[in-house]
Amino acid sequence: MTTQTQAGEPLRGRDAQPRQLIVTIFGLYARAERNWLSVASVVKLMADLGVDGQAVRSSISRLKRRDMLSSVRHGGAAGYSLSEPTLELLAEGDARIFQRTRAVVEDQWALVVFSIPEAERDKRHALRATLTRLGLGTVLPGVWIAPGNLMPEVRHTLEHRDLESYVDIFKGDHLAFGDLRSKVRVWWDFDELNALYADFLHRHRLTLHRVTSRELTRCQAFALYVPLLTEWRRLPYRDPGLPLSVLPPDWKGESAGKLFDQLNLELSGPAHEHAMEVIHG
């Protein structure tokens, strides 16, 4: 489905499905509101993004089936809350999205080595999915790699998901052999990630021009900000913040991150004001 925001920007289905926008709205605005939003406020906020009520209710039903949202009534009003696992995922993601850090060579490298019996293939799938979500690269099927500064987050996440008993973690320098920059390009798919960053830059430089060249209403800021954040939040998980010295010369991640920070600074405040007006209105 292609929809149109009130600010005139198309929401691309591949970037911003209704259920993804709903999760963004709950992540931004429900957590400070006792982790609850009424059905009416969600429908109104999604209408500001050009999504009709039927699509909203269908998307909420899917999120409930996936145990991401729970039905809760407050003061006789129907509404929804984020489930505990979803709250935890969003909390973990806040630092990745809004407080990105880049490793330096002195941080060294960390290897995550694991072996899981065939009888526990569900654990193997969960572990690989977790390491992928954290942005680790793959050296071999059971050997994954990350910059050393990422290890506290990796360790915490593995412990939180009860996966630590399958894993050993080592930390050290790359001593030999071969060119480290070339090897890093094998361990991570830089071409795909760099293309995503380039696409973000191409489209949202125009967004920044619109934001800074004329005054937007709070509703227009909201209609730009929620899809922007929904699109951006997937990228920091694909990018573990490798040292610049091992990245390709044409790396777009730094420029894309600076652009997101500029847009976040310009749009998050008025978008929040609009959302609160709808939620409390």
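## Close-ups of a predicted model

**View 1. Asn35 sits in the loop that runs between α1 and β3.** Helices (H or I, at least four residues) and strands (E, at least two) are DSSP runs, numbered from the N terminus. Residue numbers start from 1 along each chain as its sequence is written, and side-chain values use heavy atoms, with hydrogens and water left out. Since this is a predicted model, local features need pLDDT of at least 70 and side-chain atom pairs count only at pLDDT 80 or more, while totals for chains, interfaces and linings use all residues. Asn35 has a positive phi near 50°, though this residue is something other than glycine. Arg34 lies in the loop between α1 and β3 too, and has a positive phi of about 60° without being a glycine. Buried or exposed, what is Arg34? Arg34 is exposed, at 66% relative accessible area, while Asn35 is buried at 14%. (Buried is under 20% relative accessible area, exposed is over 50% and partly exposed is in between, with a 1.4 Å probe and protein chains only.)

**View 2. Helix α1 covers residues 18–30.** Its 13 residues reach 17 Å from first C-alpha to last, close to the expected 18 Å; that expectation is 1.5 Å times one less than the number of residues. Of the 13 residues in α1, 10 are buried, so the helix is largely enclosed by the rest of the structure. Among the buried ones are Leu21, Ile22, Val23, Ile25 and Phe26.

**View 3. Helix α9 (residues 218–232) packs against α1.** The angle is about 105° and the axes are 9 Å apart. Axes here are lines fitted to C-alpha atoms, for helices over the stretch in contact, and angles between N-to-C directions run from 0 to 180 degrees. The two helices are therefore roughly perpendicular, a label for 65 to 115 degrees (under 35 is roughly parallel, over 145 roughly antiparallel, the rest oblique). Gln20, Leu21, Thr24, Ile25, Leu28 and Tyr29 of α1 meet Phe222, Tyr225, Val226, Pro227, Leu229 and Thr230 of α9, where contact means heavy atoms within 4.5 Å. By class, the contact has 9 nonpolar, 3 polar and no charged residues. (Ala, Val, Leu, Ile, Met, Phe, Trp, Tyr, Cys and Pro count as nonpolar, Asp, Glu, Lys and Arg as charged, and the others, Gly among them, as polar.)

**View 4. Three strands form an open sheet in the order β3-β5-β4, with antiparallel pairing.** The edges belong to β3 (37–38) and β4 (69–74), each with a single partner strand, so one side of each has no neighbour in the sheet. Helix α3 (residues 53–65) packs on the sheet and touches β4 and β5, its direction making about 110° with that of β4. β4 pairs with β5 (residues 77–82) over 6 bridges, and 2 bridges join β3 to β5; to pair, two strands need at least two bridges in DSSP. Gly79 of β5 is the bridge partner of Ser38 and also stands opposite Val72.

**View 5. The hairpin of β4 and β5 has 2 residues between its strands.** Gly75 takes a positive phi near 55° here. His74 stands opposite Ala77 in β5.

**View 6. A cis peptide bond joins Ala176 and Phe177.** Omega is about 5°. Phe177 is placed in the loop between β9 (167–172) and α7 (180–187).
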